[in-house]
Amino acid sequence: MFELKIITTFAAAHQLKMVAKKCENLHGHNWKIEVCVVGNDLTDAGIVMDFGQLKNMVSEITSKLDHKYLNDLPFFHENNSSSENIAKYIANELSAQLASSHIKVSKVTAWESDDAAATYIC
Ligand SMILES: [Zn+2]
């Protein structure tokens, strides 16, 4: 099996409920997002999929988060806008886009700072 990884970033504001202290205040992060997809098969060109195509798909998803107040988005009405749920949101959206292909999302990691990240493993 092959795994591809792409990295992108977006900036947004959020407010966490029911967590500890200062995270409950409105604040922002520059999230770094790592997206991994897996596939068993290679195309005739010897690739799982085109990196550019994967980057475009992820960019379409993160553009809905970039420079937004995450708590305003419907998904984060029901789910706290934590890095854990951001990773899950991106994994779910990308999985839907890849549903008809042989490629699967394996994991998405959301880095909210240089030393803190949450990974959703599909
Ligand atoms: Zn935060």
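Me: What makes Met 49 partly exposed in this predicted model?
Reply: Met 49 has 18 other C-beta atoms within 10 Å. Buried needs 20 or more, and exposed needs 12 or fewer. The count of 18 lies in between, so Met 49 is called partly exposed.

Me: Where is Met 49, and which residues does Met 49 touch?
Reply: Met 49 is in the loop between strand 2 and helix 1. Leaving out residues up to four places away in sequence, Met 49 touches Leu 4, Leu 54 and Ile 103.

Me: How do you know that the length of helix 1 agrees with 1.5 Å a residue?
Reply: Helix 1 has twelve residues, which should span 16 Å. The C-alpha atoms at its ends are 16 Å apart, so the two values agree.

Me: What makes the buried residues of helix 1 line one face?
Reply: The buried residues are Leu 54, Val 58 and Ile 61. Seen down the helix axis, they fall within an arc of 50°, so they line one face of helix 1. An α-helix has 3.6 residues a turn, so residues three or four places apart point the same way.

Me: What does the face turned away carry, and what covers the buried residues of helix 1?
Reply: The face turned away from the buried side carries the exposed residues Gly 52, Gln 53, Asn 56 and Glu 60. The cover over the buried residues includes strand 1, strand 2 and helix 3.

Me: Why are strand 1 and strand 4 said to stand at the edges?
Reply: The open sheet has four strands in the order 1-2-3-4, with antiparallel pairing. Strand 1 and strand 4 each have a single partner strand, so one side of each is left without a neighbour in the sheet. On average, neighbouring strands are turned by 20° against each other, direction ignored.

Me: How do you know that strand 1 and strand 2 pair?
Reply: Pairing needs at least two bridges, and 13 join strand 1 to strand 2, so they count as a pair. They run antiparallel. Ala 11 stands opposite Asn 30 in strand 2.

Me: Which residues of the largest nonpolar core touch the most other members?
Reply: They are Val 35, Ile 90, Leu 94, Val 108 and Ala 110, out of 23 residues in this core. Helix 3 gives the most to this core, with six residues. Leaving aside neighbours within four places in sequence, Val 35 is in contact with Lys 5, Ile 6, Val 58, Ile 90, Leu 94 and Val 108.

Note on methods. Residues are numbered from 1 along each chain as its sequence is written. This is a predicted model: local features need pLDDT of at least 70, side-chain atom pairs count only at pLDDT 80 or more; totals for chains, interfaces and linings use all residues. A nonpolar core is a set of buried Ala, Val, Leu, Ile, Met, Phe, Trp, Tyr and Cys residues joined through C-beta atoms within 7 Å. Two residues are in contact if their C-beta atoms, placed from the backbone, lie within 7 Å. The expected span of a helix is 1.5 Å times one less than its number of residues. The arc is that of the directions from the helix axis to the C-beta atoms. Axes are lines fitted to C-alpha atoms, for helices over the stretch in contact, and angles run from 0 to 180 degrees between N-to-C directions.
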